[in-house]
Structure formats: structure tokens, C-alpha cells
Amino acid sequence: MPDSLSLPPPPLVPGLGPIARAALFLDFDGTLVEIAERPDAIRVAPALPGLLKRLGEGLAGALAVVSGRPLRDLDHYLPVPIAKAGDHGASLRPDPLGPPELPDLPHPPAAWRVQANALVARHPGALIEDKAHGFVLHYRQAPDAGPEAAALLARLVAEDPAGFGLLEARMAWEIRPRGPSKATAVRALMARPPFNGRVPVFIGDDVTDEEGMEACRSLGGHGWQLEEAFGSPAVLRDWLARAVAPDDPDAVLPPLVTEPHSP
Ligand SMILES: O=P(O)(O)OC[C@H]1O[C@H](O[C@H]2O[C@H](CO)[C@@H](O)[C@H](O)[C@H]2O)[C@H](O)[C@@H](O)[C@@H]1O
């Protein structure tokens, strides 16, 4: 169970309890929303955008969604003025109303996408999700394609190991440019207001979230694994809702819930 009590105890904002002094970094897929069969099939809890807006206000702006999704997806699903980091840290919008910070990154050769297309054509249900500087091969609906997808994408990135890396996601393999990560996003945000001076807390469920969690720990904060600390996105949403409810003194500790892990 996360050691919430070691967070600075005095709440700066009534009702927020121990997390009021936090800089909060939240993963999206599998953390704020439940995993779905396809990237475009997720269901965002109707209350979630408003909840995040209130949470951001309560944390004086020190709230960011840090996701593998592109910023356009995050803006679509969460149309609220909070800081966002997309593409596993490769696109960063610290000021919700400002322009995104986009480092100069390589694009994968078109031939890679052609080969991935051919694999998808052989495996009905597999699909490709394009990103600005890479792509994801999803096999959740075609599990048999997993090993072949891993082998193909590993062979492709081996053609340019300095430029690109292979990322294992939940029932998916992603080619992404080397350099940016959720850790770089956390560190970039923690270096500036309103995040700096606060206790960084990252909540996530996936491999890439470990990078963000480790960055927070190395900065004196916390990394909370969703399943271990909360059990499910619904429980996290409920905890966040209680944390911003001004009259609920119990909204201080995440319950310890364990559920079977879905990949
Ligand atoms: O960093 P995150 O916000 O957790 O995003 C990670 C990836 O999530 C999405 O894929 C995953 O969720 C899909 C919808 O539930 C699911 O169908 C898929 O199997 C998962 O891998 C998203 O599509 C990716 O772009 C993100 O990188």
C-alpha cells in the first residue's frame, strides 16, 4: 500500500487531504479509463473531465495527464484545461492554453509501415494506430499475431537502433523514437511552476508508467501502481472524486484492492 502518510500532511486546499501538496501525474489508458478492445472503443466516465478540472484547480495547476496517446486524443477525451503530456512524453503541453512543446524527432521509414500493414492484413482483428513519430501494432483482437508482431517490429527497429526503440504495451507493440519518456515529461514539468516545490506522485498501470514512477521517486515523491494501490480505474476515480469533495475527511488514503490483472 502506498505510504500516503509520508506525504506532507498539511492540506493546502480544504478537502484535498494529503494530496493537496502533491504534483499529480496520471496515466490515461488503464488508469483513468478501463482498457477496451480497441483504442477508439474506450468509454470515458462522464464525470471524469469535470473531476480532473476540479482536481487541477485544487492542486493549483499541478496536475498532468501523462499518456502514450497523442495530445489530440487526450484533448478529445479530456477537453479540460489541465497540463498534458502525450506520445509517452514526446509531446508536452505544460500550459493548458499554450502551444505544445514538440522536440525534433525522426519519423520511421515508410517501408516499416508497409510491412506492418502486411502483417495486419494476415491477422484479422490486428490494427495499427499511427502516431506522429511511430506507430502501434495492436493485437488484442488477434492474440495469435503477438509473437509475429514482436518479431517484425524488433527487426524493423534493429535497422535504426539509435533512432527508435520497441515498446511492449498491453497487447500491443509500439515503435517510438528514442529519447522522450514519461520520466522526461515528469522531470520537465517538475522543473517549472506550478509543479516545482511539490511532492511528485505518479499513478499508472503500464510498463512506461514505471519510468514516470521512478522519476517521481527519484525526486522524493511516489509511484503508485494502479492495480496494487487502487485495484481498478473505477476505484481511482472514486478516490479522486472524494479527494476533491470539500466535506469528505475520509478522502485521504487509497483503498488496497486487488483484482485479477488483465494484460
Ligand atoms: O500511457 P497510456 O495512457 O496508458 O497509453 C498507453 C497506450 O494505450 C492505448 O492502448 C491500450 O489501450 C487500448 C484501449 O483500452 C487497448 O485496446 C490496447 O490494447 C492497449 O494497449 C493506446 O491505444 C496507445 O496509443 C497508448 O500508447
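Where does the ligand lie relative to domain 1 (4–103 + 180–244) and domain 2 (110–177)? Both domains give residues to the shell around the ligand, so it lies between them. This is a predicted model, in which local features need pLDDT of at least 70 and side-chain atom pairs count only at pLDDT 80 or more, while totals for chains, interfaces and linings use all residues. Residues are numbered from 1 along each chain as its sequence is written.

**The chain as a whole**

- The chain has 8 helices and 10 strands; these are DSSP runs numbered from the N terminus, with helices being H or I of at least four residues and strands being E of at least two.
- Of the 263 residues in the chain, 43% are buried. A residue is called buried if 20 or more other C-beta atoms lie within 10 Å of its own, exposed if 12 or fewer, and partly exposed in between, with C-beta atoms placed from the backbone.
- Take the contacts between residues at least 6 apart in sequence: 57% of them join residues at least 24 apart. Here, two residues are in contact if their C-beta atoms, placed from the backbone, lie within 7 Å.

- Where the domains meet, 13 residues of domain 1 are in contact with 14 residues of domain 2. The side of domain 1 that touches domain 2 has 5 nonpolar, 4 polar and 4 charged residues. In this scheme Ala, Val, Leu, Ile, Met, Phe, Trp, Tyr, Cys and Pro count as nonpolar, Asp, Glu, Lys and Arg as charged, and the others, Gly among them, as polar.
- There are 23 residues around the ligand, and Phe 28, Asp 29, Pro 39, Ser 67 and Gly 68 come nearest. A residue is near a molecule or strand if its C-beta atom, placed from the backbone, lies within 6 Å of it.
- By class, the shell around the ligand divides into 9 nonpolar, 5 polar and 9 charged residues.

**Helices α5 and α6**

- Helix α5 (residues 182–190) packs with helix α6 (residues 207–218) at an angle of about 35 degrees, and their axes are 7 Å apart. Axes are lines fitted to C-alpha atoms, for helices over the stretch in contact, and angles run from 0 to 180 degrees between N-to-C directions.
- From α5, Lys 182, Ala 183, Val 186 and Arg 187 take part in the contact, meeting Thr 208, Asp 209, Glu 211, Gly 212, Glu 214, Ala 215 and Cys 216 of α6. The residues of this contact divide into 4 nonpolar, 2 polar and 5 charged.
- Met 190 is also found in α5, and it counts as buried because it has 21 C-beta neighbours inside 10 Å.
- Leaving out residues up to four places away in sequence, Met 190 touches Ala 23, Phe 195, Asn 196, Pro 200 and Leu 219.

**Backbone features to look at**

- Most residues other than glycine have a negative phi, and most peptide bonds are trans.
- Ala 60 has a positive phi of about 55 degrees although it is not a glycine. You will find Ala 60 in the loop between α1 and β2 (63–66), where it counts as partly exposed because it has 15 C-beta neighbours inside 10 Å.
- His 88 likewise has a positive phi of about 55 degrees without being a glycine. His 88 sits in the loop between β3 (83–86) and β4 (91–93), and its 28 C-beta neighbours inside 10 Å are why it counts as buried.
- The peptide bond from Pro 193 to Pro 194 is cis, with omega near 0 degrees. Pro 194 lies in the loop between α5 and β9 (199–204).

**Two exposed positions**

- Ala 41 is placed in the loop between β1 (22–26) and α1 (48–58). Ala 41 counts as exposed because it has 10 C-beta neighbours inside 10 Å.
- From Ala 41 to Arg 187 is 146 residues in sequence and 31 Å in space, C-alpha to C-alpha.
- Pro 147 belongs to helix α4 (residues 146–157), and with 10 C-beta neighbours inside 10 Å it counts as exposed.

Definitions and conventions
Domains from an automatic or database assignment.
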